[in-house]
Amino acid sequence: MTGPYLLIVAVIVALVIAFIITMLVLNISAKNMVSINTLLVENQNALMEQNRIQNDEFRRRINELEEQLKKHIEDEVTLLREETRQQREQIELTANMCDEELLEWINQKMDETRIYTDTNLTLKTMANALGLTQRRLGALFKNNEKYNSLGDYLNERRLLLACRLLREKPNWTIEAIGAEAGFGSRRTFQMEMKRRLGITPLQYRQGMESAVSEDVPSQEKSD
């Protein structure tokens, strides 16, 4: 009876040990599952908080853009109203001017703005810039005895500026001066100057250089 008894005891002990080990494993697994669940919940909360922060930042940025757009529109409306007011004042100011007075006023505006240097300047854009109606501006040059057309007037203004640049900018090329004055090409610049003054831009510059040389007093050699 001793042998079988010991075998039974050994089996029971083994089962008890196996049960204890199983319970320990299950306990450890349960703790690990709790830790994993806790970590998942913490990560989910962190993501939710990050999304909330991003959404708040996005809404803040949208509000800023809306405010900037609103201010920009308000500024544009204010500027448009001011330009409209100025144009009305100019129209009223020039309405009672005779052609000679109006042309003198336009010359002053040309000196201030130099819009004639724009090679694409048209009757419409010039009228808008001066605050005049196209009809009034067109009639002014149509009935003018000095100028055949608006283009004739603009080329005169361009030529006056070009001559001044030829005097003041000796290092500039003829092409650069013509472009700065508003002529579309060197050929146009040369033809216009030849027609009005009888000389080319280069001849004008050379004449100016000769005049300057003649004005410089000669120095006598010292003993």
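## Helix α4

In helix α4, Leu-137, Leu-140 and Phe-141 are buried, where buried means under 20% relative accessible area, exposed over 50% and partly exposed in between, with a 1.4 Å probe and protein chains only. These residues cover an arc of only 85° around the axis, which puts them on the same side of α4; the arc is that of the directions from the helix axis to the C-beta atoms. On the other side of α4, Arg-135 and Lys-142 are exposed. Helices here are DSSP runs (H or I, at least four residues), numbered from the N terminus.

The cover over the buried residues of α4 includes α2 (99-113), α3 (123-130) and α5. Contact means heavy atoms within 4.5 Å.

## Basis of the model

This is a predicted model, in which local features need pLDDT of at least 70 and side-chain atom pairs count only at pLDDT 80 or more, while totals for chains, interfaces and linings use all residues. Residues are numbered from 1 along each chain as its sequence is written, and side-chain values use heavy atoms, with hydrogens and water left out.

## Aromatic cluster

The structure holds 4 aromatic pairs. Rings of Phe, Tyr and Trp (its six-membered ring) pair if their centres lie within 6.5 Å; planes under 30 degrees apart count as stacked, over 60 as edge-to-face and the rest as tilted. The pair of Phe-141 and Tyr-147 is edge-to-face, because the ring centres are 6.3 Å apart and the planes stand at 65°. Phe-141 counts as buried at 2% relative accessibility, and Tyr-147 counts as buried at 5%.

Phe-141 also pairs with Tyr-153 in a tilted arrangement, 4.9 Å centre to centre with 45° between the planes. Phe-141 lies in helix α4 (residues 134-142) and Tyr-153 in helix α5 (residues 150-168), so this pair ties together parts that are 12 residues apart in sequence. Both Phe-141 and Tyr-153 are buried. Ring pairs link Phe-141, Tyr-147 and Tyr-153 into a cluster.

## Arg-158

Helix α5 also holds Arg-158. Arg-158 is buried but has no salt bridge, and the nearest side chain of opposite charge, Asp-118, is 6.6 Å away. A salt bridge is a side-chain nitrogen of Lys or Arg within 4 Å of a carboxyl oxygen of Asp or Glu; for charge, Lys and Arg count as positive and Asp and Glu as negative, with His and the chain ends not counted.

The side chain of Arg-158 reaches two backbone oxygens: that of Tyr-116 at 2.6 Å and that of Asp-118 at 3.1 Å. Leaving aside residues up to four places away in sequence, Arg-158 touches Tyr-116, Asp-118, Thr-119, Leu-121, Ala-181, Gly-182 and Phe-183.

Definitions and conventions:
Helices (H or I, at least four residues) and strands (E, at least two) are DSSP runs, numbered from the N terminus. A polar contact is a pair of N or O atoms within 3.5 Å; within protein, one must be able to donate a hydrogen and the other to accept it, and residues adjacent in sequence count only if both atoms are side-chain atoms.
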